[in-house]
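Dear colleague,

Please find below the structure that I am handing over to you. The findings follow directly after it.

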Amino acid sequence: MSITGKFDVVVVGAGPAGSAAAYILAKAGFKVLVVERGRGAGSKELFGGKVYAQPLRDIWPDLDKSAPIHRWVTKERFSLVVGERVLTVEYSSPRPVGFTTYLPELAKWMADKAVEAGALLIDEVRVDEIVVKDGRVIGVRSGGDLVEADVVVDAEGVNRLLLEKLGLVERLDPKHIALGVKEVLRTGKGVIEEKLGLGKDEGMAWMVAGDITAGIPGGGFIYTMKDMISIGLVLHVGKAVEAAEKGLLREHVSLLLEKFRLHPYFKRIWGEADIMEYGGHLTIEGGLGLVPKKLAINGLVVVGDAAGLLLNTGYTVRGVDFAATSGRLAAEAIIEAFNNGGPSEENLRVYEDKLKSSFVWRELVRHRGIERVMSDPLFFTKLPRLLIGVMKRLYEADYEEPTILDAFIESTSEEDISLARLLFKLGSVVGKL
Amino acid sequence: MSQETLLTRPLKIEDLLQRNIYDVDEDPHIEIPRGSEQEGLPKEALVYLCPAGCYTRIGDEILFSYEGCVECGLCRIISPPDKIRWEYPKSGRGVQYRFT
Ligand SMILES: Cc1cc2nc3c(=O)[nH]c(=O)nc-3n(C[C@H](O)[C@H](O)[C@H](O)COP(=O)(O)OP(=O)(O)OC[C@H]3O[C@@H](n4cnc5c(N)ncnc54)[C@H](O)[C@@H]3O)c2cc1C
Ligand code: SF4
C-alpha cells in the first residue's frame, strides 16, 4: 500500500467504530492511519435506518449541524402481519432521540471528521492480516506491505476475518447472526409527508413482525428518508439455514422482500416508487454471545460490531451508536495508556473497564437473552396470529361479536397456545425491558 | 421496465441487482468446488439465502457466480471452511453502495 513510516495507531475499517476512534485520537495529536477496503468510507455499508443521536453528539458536538440527518424520528410504529390482516400500534412524540440516514452517507461524514482532525485515510486497501511479533501486535499487512503501529484498532465489522485469523475469536456461529436485505425506494417529494402524516423533517421508524419472514425468526423494517423509503427484512441465519435445508423455505430471500414491498397494506405508502438500490449485510442477533473473551491484548483493541456490541430488541436496533461509543472509549483508553507508559495489554485493558461501566454494556446486560425470546416461535409466529385472531373475531362479525375475553380464549385455543406459557414468557420479556 | 410491472409483480433478483453499481473484479474473491467435492455444502441454504442469488442449482450441483455478490459473508459462515475460499474483493472492487 506504499505507506511509509510508523504510526501511533492504525485503525482497520472506516465504519462508525473506526472513525470515532480515529477522530478522538487524531484530535489528541496522535499519528493515526485508517485503512478501509471500500472505495471511500461507506461504500460497503448497509444498515436499517435509525441512529440514536446523543451518543454521537458526545463524540461530534456539531452532529446536528453537519451530519447527513434525513429526518428526526417522531413516530414509531409496530405492526403484526398475518396474510393481509395487519395490526398496527403507533407512538408519536415531540421529542425525537434518533434520526434516519443512509449508512454510506453517515460513515463518509464520520470519516471526513477524522480526516479533518488530522487522521490519514487510505481507501481501496484490504487489510489481510494483523501482524504479531514476540507476543504483541505490531501492525497490519496488506498484500506484501506491512504498516507498523504501536496500537491496532480492529473495527472490521461483523465479519471478523482478521480476528479469526489471529485466533482471538471463533468462526462466526450462524445462531448469533442475522441476515438483512434491503431495498431503497424513491417515493418523490411530499409522498412521505402525505401518506404517513409527517412534517417536513419528521420521520418514522416502523418495525414489522409476522408471516412476512415465512416462519423464520426475524422481522421487517421501514424507515423514512428525505425522498425515499428504506424497507428490509432481517432473518435469523441459523434458523433460516435449517428451514432451507429441511425444504421449508422455498423462496429466495429477495422474493420475500419483494412480497413485503408488494404487500397490499404497505404498498399503498410507496406505490410505484422505483427501486434505487438493493443489498444485503450480516448483523448480530444481539446479546453478548459474540463478545470476544478479551477486548484488548498487547497492541490491539477491538471495537464496534467486531467486538459483538449490538442490541436488537425487535422494536429497536442499536449498532451505530454502540459502535461509535466503543470507538470513543477505546481511543480514550489508548490515550491514557500512552500517558501511563505505553500500550501494554495491562494498560490497554482500561478500555474493557471503560466499556463495562458505560451505557453500552449496561444496555447489553439489561437486555441479555432478549434475542432468544425474539426468535422463539411463540413470539414471532404465534403471538401475531393470536392477536390478529382476536381482532378478526371482534371486527369481522356480521351479526354477533364475542366479548374480548371470548375472542381471546377462542383465539388461543385455535392457535394451540397455552395461556400459562404465554403469560410466563411475556412476563420474562417485560422483565427485560 | 414500465411502472406497472413494478407494482404488479415481484422483481427477479437479476432485476434488483441491476439497480446497483458494481466494479466487478477480474478475479473471483470467492470460490467453491465443483461436482462431488460439493458434498457438505448447505446447497439449499446457499441457493435461497445468498441475497444476491449467486448460487443456482443445476441438478445435483450448484453453480456459483461472484459478479452480483454484495459481500455480506453469509456463504462463508454457513459453509464448512474447507469447502469455500472467501475474501473481500481487493482494491475497492465489488459492490458500491450509495443509499443503504
Ligand atoms: C440489516 C441491518 C440493519 C441495521 N439497522 C440498524 C439501525 O437501524 N440502527 C443502528 O444503529 N444500527 C443498525 N445496524 C447495525 C449497524 O449497522 C452496525 O452495528 C454498525 O455499522 C457497526 O459499525 P462498525 O464500525 O463496527 O462496523 P461497520 O459499519 O461494518 O464498518 C466496518 C468497516 O470496515 C471495513 N473493513 C472490513 N474489513 C476490512 C479489511 N480487512 N480491511 C479494510 N477495511 C475493512 C468495511 O468495509 C467497513 O467500512 C443494522 C445492521 C444491519 C446489517
Ligand atoms: S458473500 Fe453474500 S452476496 Fe456474496 S456470494 Fe456469499 S452470500 Fe452471496
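**Findings**

Along its sequence, chain B runs in the order α-α-β-β-α-β-β-α-β-β, where helices (H or I, at least four residues) and strands (E, at least two) are DSSP runs numbered from the N terminus. The model is a predicted one, in which local features need pLDDT of at least 70, side-chain atom pairs count only at pLDDT 80 or more, and totals for chains, interfaces and linings use all residues. Residues are numbered from 1 along each chain as its sequence is written, chains are lettered from A and ligands numbered from 1 in the order in which they are written, and side-chain values use heavy atoms, with hydrogens and water left out.

**Chain B**

Chain B contains 4 helices and 6 strands. Its C-alpha atoms fill a box of roughly 45 × 35 × 20 Å along the principal axes. Of the 100 residues in chain B, 54% are buried (buried means under 20% relative accessible area, exposed over 50%, and partly exposed in between, with a 1.4 Å probe and protein chains only).

**Ligand 1**

Ligand 1 is placed between chains A and B. It is surrounded by 36 residues, of which A:Glu36, A:Glu45, A:Gly48, A:Lys50 and A:Asp305 are the closest; a residue counts here if one of its heavy atoms lies within 4 Å of the ligand.

Several polar contacts can be listed (pairs of N or O atoms within 3.5 Å; within protein, one must be able to donate a hydrogen and the other to accept it, and residues adjacent in sequence count only if both atoms are side-chain atoms):

- A polar side-chain atom of A:Glu36 is 2.6 Å from an oxygen atom of ligand 1.
- A polar backbone atom of A:Ala17 lies 2.9 Å from an oxygen atom of the ligand.
- A polar backbone atom of A:Val317 lies 3.4 Å from a nitrogen atom of the ligand.

Taken alone, ligand 1 exposes 1,000 Å², and the protein buries 96% of that; accessible areas come from the Shrake-Rupley method with a 1.4 Å probe, and for residues only the protein chains shown count as cover. The elements that contribute two or more residues to the shell are α1 (16-27), β15 (274-284) and α10 (320-339) of chain A. Of these, β15(A) gives the most, with 3 residues. Sorted by class, the shell has 18 nonpolar, 10 polar and 8 charged residues (Ala, Val, Leu, Ile, Met, Phe, Trp, Tyr, Cys and Pro count as nonpolar, Asp, Glu, Lys and Arg as charged, and the others, Gly among them, as polar).

**Salt bridges**

Over all chains, the structure holds 48 salt bridges, each defined as a side-chain nitrogen of Lys or Arg within 4 Å of a carboxyl oxygen of Asp or Glu.

One of them joins the side chains of A:Glu90 and A:Lys75, at 3.6 Å from N to O. Because A:Glu90 lies in strand β5 (residues 85-92) of chain A and A:Lys75 in strand β4 of chain A, the pair ties together parts that are 15 residues apart in sequence. A:Glu90 is partly exposed at 37% relative accessibility, whereas A:Lys75 is buried at 13%.

A:Arg366 and A:Glu363 form another salt bridge, with their closest N and O atoms 2.4 Å apart. Both residues belong to helix α13 (residues 359-366) of chain A and are 3 residues apart, about one turn of the helix. A:Arg366 is partly exposed, with a relative accessible area of 44%, and A:Glu363 is buried, with 14%.

In chain B, the side chains of B:Arg93 and B:Glu26 meet in a salt bridge at 2.8 Å, N to O. B:Arg93 sits in the loop between β5 (85-86) and β6 (94-95) of chain B and B:Glu26 in the loop between β1 (22-23) and β2 (30-31) of chain B, so the pair ties together parts that are 67 residues apart in sequence. B:Arg93 counts as buried at 18% relative accessibility, while B:Glu26 counts as exposed at 55%. Through shared partners, salt bridges join A:Arg39, A:Glu124, B:Asp23, B:Asp25, B:Glu26, B:Asp27, B:Lys90 and B:Arg93 into one network.

**Helix α8 of chain A**

Helix α8 (residues 253-261) of chain A is mostly covered, with 7 of its 9 residues buried. The buried residues are A:Val253, A:Ser254, A:Leu256, A:Leu257, A:Glu258, A:Phe260 and A:Arg261.

With kind regards
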